[in-house]
Amino acid sequence: EVQKHSVHTLVFRSLKRTHDMFVADNAKPIPLDEESHKVKMAVKLRTEYGSVLHMPTLKENLREKGGTNTGDPYGHKQYSGNQGQELEYLITGTHPYPPGPGVALTADTKVQRMPSESAAQSLAVALPPSQSRLDANRTAAGVGDIYRHAGISERSQPPGMSVAMVEAGGNKNSALMAKKAPTMPKPQWHPPWKLYRVISGHLGWVRCIAVEPGNQWFVTGSADRTIKIWDLASGKLKLSLTGHISTVRGVIVSARSPYLFSCGEDKQVKCWDLEYNKVIRHYHGHLSAVYGLDLHPTIDVLVTCSRDSTARIWDVRTKASVHTLSGHTNAVATVKCQAAEPQIITGSHDTTIRLWDLVAGKTRVTLTNHKKSVRAVVLHPRHYTFASGSPDNIKQWKFPDGNFIQNLSGHNAIINTLAVNSDGVLVSGADNGTMHLWDWRTGYNFQRVHAAVQPGSLDSESGIFACVFDQSESRLLTAEADKTIKVYKEDDTATEETHPVSWKPEIIKRKRF
């Protein structure tokens, strides 16, 4: 019968057996193999010192330093080039070094390999005295020579400085010059934007807005549960779509088919056929209000995000839920798609941004820099970068790994929406009705707008829920809490002289987080 022991006893016995097996060799150094050591040292010499191995040491240098002992603190044996003649060149060996890490350097432990006499003699014979001195002066100028030329004593310099001297080509000023503090580059000038049209017609907050790919009309979704389609040029209402039973929170028009997609606080995601103006598909699965949606630019895939802390990927045609992207710990407020990796980006009320692998349905990167809810994310149309908006900051990031670029500070409000055009104008719209316009590259805030509310509205109804540029990027449309859509355009009369950039090249004080 096998005696049963506790796990502790068994582990202890196993450890004891292992210890007994290896105790004889414990801390015993591995014997040095001469042949392999020679090969190792030859390789090391060639790779690390190959460029200077051919350089002889000048006899004059040693004389200046007071003889052989001062020039060679390690007391190496010196090999003469031509025996019996006046010494023209001296060849020194490598410094002594211990055989392994942690071993004290003593006379018994030091390992030293000197150049062979035959090699030293052949080098000295090959160079005639007159020519050799010129070559040595040209090629073998050491750090000491550079210092002497600059009028500095060699020993007075810290060891790190010598490298800077050599890399700078011996130019004293370039190495010793203090680095200038980084300054903000001058921002590109952008003309200011001005309000030129206010469109009213909704009976509730206008929560979302999208422009169709042909740039003929745009669509809005509202808290009055309707979706309205407006003519972009005239601002006139073309069509109203009813079907949602709660606030419409997201709309998008497909560039690949004549479909409009919408989502709302009624947990519904609908696909509208714009040839018949009817709902042709429902996408069921979210357990709570659906806050946003986006279409993939190259494949027939729809992505939605919800208050149930998930984002879902849907096959547009089959209505099947391809993936449920779970990982966020609070409502997912915004989602964006792109053709390049990572193909899906989500921002959440749990303060994180996640970059997702579309194929695997898993998180690639989680960005935790924000301290408050991330309600808005926007992708730059040309650069491989994106921005995220939160009450603490607007942050810019680099794809594919979400490397932090810079903070855009100053919009101290709950940022509901971000939009950016190819010209590098970033727009942030906030819950208090303020809109800030930024230069994307430098993060310079070149304009602040706070449009008046519609007559008859309370001042507290000043709020921007969504904004978007039209396809020509010459118009900016905002969806607002006073039940209107406001349309802005660039001021054609403005010039850099009439609206100069009030920019000072101050030292950057960017917070990393």
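Glu265 has a relative accessible area of 30%, so Glu265 is partly exposed; on this scale buried means under 20% relative accessible area, exposed over 50%, and partly exposed in between, with a 1.4 Å probe and protein chains only. This is a predicted model, in which local features need pLDDT of at least 70, side-chain atom pairs count only at pLDDT 80 or more, and totals for chains, interfaces and linings use all residues. Residues are numbered from 1 along each chain as its sequence is written, and side-chain values use heavy atoms, with hydrogens and water left out.

The side chain of Glu265 meets that of Arg249 in a salt bridge, 2.7 Å from N to O. The term stands for a side-chain nitrogen of Lys or Arg within 4 Å of a carboxyl oxygen of Asp or Glu. Arg249, at 18% relative accessibility, counts as buried.

The structure holds seven salt bridges. Lys194 and Asp491 form one, with their closest N and O atoms 3.8 Å apart. This pair links distant parts of the chain, 297 residues apart: Lys194 lies in strand E4 (residues 193-200), and Asp491 in the segment after strand E31 (484-490). Strands (E, at least two residues) and helices (H or I, at least four) are DSSP runs numbered from the N terminus. Lys194 is partly exposed at 37% relative accessibility, whereas Asp491 is buried at 14%.

In another salt bridge, Lys486 meets Asp482 at 2.9 Å, N to O. Lys486 is buried, with a relative accessible area of 2%, and Asp482 is buried at 2% relative accessibility. Salt bridges also link Arg256, Asp300 and Arg317 in a network.

Now turn to strand E19. Why is strand E19 largely enclosed by the rest of the structure? Four of the five residues of E19 (residues 353-357) are buried, so the strand is largely enclosed.

Strand E18 (residues 344-348) pairs with E19 in the antiparallel sense over four bridges; two strands pair if DSSP finds at least two bridges between them. Ile345 has Leu355 in E19 as its bridge partner. E18 and E19 form a hairpin with four residues between them, and Thr351 in the turn has a positive phi of about 75 degrees.

E19 also pairs in the antiparallel sense with strand E20 (residues 362-367), over five bridges. Here the bridge partner of Ile353 is Leu367 in E20. E19 and E20 form a hairpin with four residues between them, and Gly361 in the turn has a positive phi of about 70 degrees.
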